[in-house]
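Student: Could we go through this structure together? I would like to begin with what counts as a contact.

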Amino acid sequence: MTRRLQIMALSLLLMGAPVSLMAQSDREEVDTEMSAVSLSVSGSKVRVSGAEGQTLEVYNLTGTKVATIHLDSNEKTVTLNLQRGCYILKVGKVVRKVSIR
């Protein structure tokens with residue numbers, strides 16, 4: 001029951017915020033108009049800007065947390081050692097669905 005509620009809550013969060021996407025071959029950029037936090041995904045590398053002192057949380061599509069990374073600088077690039085597929089990234093109130101290739 002709890003897992004179902006987590007999945008439903010994440011789905012509602014993904015539907016609510018305006019997003020602009022730019023995709024170029026292996027690179028996918030995600031920015032929001034409501035926040036200074038931006039996420040860029042290139043292959044298995046994730047670049048986070050504007051989130052110093054916050055935490056990047058990575059969830060698989062079933063809602064299980066697969067990684068937690070503390071962001072100690074304003075711009076940080078991390079390599080995620082995950083299988084290819086879709087994941088949900090969360091930094092503060094910013095939540096995005098991305099594809100890791």
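Tutor: Contact means heavy atoms within 4.5 Å. Please keep in mind that this is a predicted model.

Student: With which residues is Glu 57 in contact, leaving aside its neighbours within four places in sequence?

Tutor: Glu 57 is in contact with Lys 65, Ala 67, Ile 88, Leu 89 and Lys 90.

Student: And where is Glu 57 found?

Tutor: Glu 57 lies in strand 5, which covers residues 55-60.

Student: Is Glu 57 buried or exposed?

Tutor: Glu 57 has a relative accessible area of 17%. Buried means under 20%, so Glu 57 is buried.

Student: What does the side chain of Glu 57 make a polar contact with?

Tutor: Its partner is the side chain of Tyr 59, at 3.2 Å.

Student: Now the core. Which residues have the most contacts inside the largest nonpolar core?

Tutor: They are Val 46, Val 48, Leu 56, Leu 89 and Val 91, in a core of 19 residues. Among the strands that each supply at least two residues of this core are strand 4, strand 5 and strand 8.

Student: What is Leu 89 in contact with, again leaving aside neighbours within four places in sequence?

Tutor: The contacts of Leu 89 include Val 41, Val 46, Leu 56 and Glu 57.

Student: Changing topic, how many bridges join strand 3 to strand 4?

Tutor: Five bridges join these strands, which run antiparallel. Val 41 stands opposite Val 46 in strand 4. The two strands form a hairpin with two residues between them, and Gly 43 in the turn has a positive phi of about 65°.

Student: Which residue in strand 7 is the bridge partner of Val 48?

Tutor: The bridge partner of Val 48 is Lys 76. Strand 4 and strand 7 are also antiparallel, joined by five bridges.

Note on methods. Residues numbered from 1 in each chain as written. Predicted model: local features only at pLDDT ≥ 70, side-chain atom pairs only at ≥ 80, totals over all residues. Heavy atoms only, no water. Helix = DSSP H or I, 4+ residues; strand = E, 2+ residues; numbered from the N terminus. Buried < 20%, exposed > 50% of the residue type's maximum accessible area, 1.4 Å probe, protein only. Polar contact = N/O pair within 3.5 Å; in protein donor to acceptor, adjacent residues only side chain to side chain. Pairing = 2+ DSSP bridges. Core = buried A, V, L, I, M, F, W, Y, C linked by side-chain atoms within 4.5 Å.
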